[in-house]
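Biologist: Please take me through the structure shown here, and let us set each value against its definition.

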Amino acid sequence: MQTFKQSTRPFNSEDSYPCPVCRTGQISTLPLMDALACNFCQHIFTASEERQILKMADREPPVTWHWNGKRWIGAHLEGVEFGWPYLAAALGLIFLPPSLLGMSAYYFPPVPGSRLSWFPAAWTGLTFLSHLGIVLWLVIEFYQFPIATYFRAWWRRMHRF
Ligand SMILES: [Zn+2]
């Protein structure tokens with residue numbers, strides 16, 4: 001077992017590193033192989049010392065992390081700033097269609113007691129949920145977050161203790 005110094009240090013494949021997937025295990029080089037493996041979630045990685053990157057080898061498309069001297073940074077986050085325009089677009093996509101629908105339902109209310117009087121409210125809710133789903137999916141795709149892997153590791157951790 002090895003303790004981590006707080007000072008920054010370059011990535012060196014002879015050392016062991018915290019696993020960026022499960023955040024529980026340690027990754028270290030497999031004997032006689034050009035790959036690294038996590039001792040907890042068992043994922044296989046390949047690394048490049050000169051580029052200071054780690055690539056998850058058993059996932060398609062592979063996820064890449066960059067070693068910043070202290071921890072792994074998702075490569076897709078490097079050089080990307082999430083500014084207000086993105087946030088506004090996301091919020092607009094989530095809230096604008098349902099509020100338009102809700103407004104039209106408010107100004108042109110269905111005949112009370114008619115068979116379809118529940119419909120505008122239900123449709124508004126459905127629109128909200130579907131647009132929320134689209135935005136969440138885009139965020140997950142953008143971050144390339146291996147969400148299923150993460151939850152599997154989390155599940156195993158829960159059952160270990
Ligand atoms: Zn792991």
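Biologist: Which residue of strand 4 does alanine 37 stand opposite?

Modeller: Alanine 37 faces isoleucine 44. Please note that this is a predicted model, in which local features need pLDDT of at least 70 and side-chain atom pairs count only at pLDDT 80 or more, while totals for chains, interfaces and linings use all residues. Residues are numbered from 1 along each chain as its sequence is written, and side-chain values use heavy atoms, with hydrogens and water left out.

Biologist: How do you know that strand 3 and strand 4 pair?

Modeller: Two strands pair if DSSP finds at least two bridges between them. There are 2 bridges between strand 3 and strand 4 (residues 44–48), and these strands run antiparallel. A strand itself is a DSSP run of E of at least two residues, and a helix is a run of H or I of at least four, both numbered from the N terminus.

Biologist: How many bridges join the strands that follow?

Modeller: Strand 4 and strand 5 are antiparallel over 4 bridges, and 3 bridges join strand 5 to strand 6, again antiparallel. Leucine 54 of strand 5 stands opposite alanine 47, and leucine 54 also stands opposite tryptophan 65 in strand 6. In the hairpin of strand 4 and strand 5, with 4 residues between the strands, glutamine 52 has a positive phi near 60 degrees.

Biologist: What makes strand 1 and strand 7 edge strands?

Modeller: The open sheet has 7 strands in the order 1-2-3-4-5-6-7, with antiparallel pairing. Strand 1 and strand 7 (72–74) each pair on one side only. Along the sequence, the chain reads β-β-β-β-β-β-β-α-α-α.

Biologist: How do you know which atoms coordinate the zinc ion?

Modeller: Donors are N, O and S atoms within 2.8 Å of the metal (3.2 Å for Na, K and Ca); water is not among the atoms, so sites may look incomplete. The SG atoms of Cys19, Cys22, Cys38 and Cys41 coordinate the zinc ion at 2.2 to 2.3 Å. Along the chain, these donors have the spacing C-x2-C-x15-C-x2-C.

Biologist: What makes the site of the zinc ion tetrahedral?

Modeller: Four donors count as tetrahedral if all angles lie between 85 and 135 degrees. The 4 donor atoms of the zinc ion make angles of 103 to 114 degrees, and the site is tetrahedral. The ideal angle for four tetrahedral donors is 109.5 degrees.

Biologist: Why is serine 13 called partly exposed?

Modeller: Buried means under 20% relative accessible area and exposed over 50%, with partly exposed in between (1.4 Å probe, protein chains only). The relative accessible area of serine 13 is 21%, so serine 13 is partly exposed. Serine 13 lies in the segment before strand 1 (17–18). Contact means heavy atoms within 4.5 Å; leaving out residues up to four places away in sequence, serine 13 touches Thr29 and Glu49.

Biologist: What makes a set of residues a nonpolar core?

Modeller: Such a core is a set of buried Ala, Val, Leu, Ile, Met, Phe, Trp, Tyr and Cys residues joined through side-chain atoms within 4.5 Å. The largest one has 18 residues, of which Cys19, Ile27, Cys38, Phe45, Trp65 and Trp72 touch the most other members. At least two residues of this core come from each of strand 3 (36–38), strand 5 (53–56) and strand 6 (64–67).

Biologist: How do you know that tyrosine 17 and tryptophan 67 form an aromatic pair?

Modeller: Rings of Phe, Tyr and Trp (its six-membered ring) pair if their centres lie within 6.5 Å; planes under 30 degrees apart count as stacked, over 60 as edge-to-face and the rest as tilted. By this rule there are 10 aromatic pairs. Tyrosine 17 and tryptophan 67 are 4.8 Å apart, centre to centre, with 80 degrees between the planes, and the pair is edge-to-face. Their positions, in strand 1 and strand 6, are 50 residues apart.

Biologist: What kind of pair do phenylalanine 119 and tryptophan 123 form?

Modeller: The pair is stacked, with 5.8 Å centre to centre and 15 degrees between the planes. Phenylalanine 119 and tryptophan 123 are both in helix 2 (residues 119–143), 4 residues apart, about one turn of the helix.

Note on methods. Tetrahedral: all angles 85-135°; square planar, octahedral: opposite > 155°, others 65-115°.
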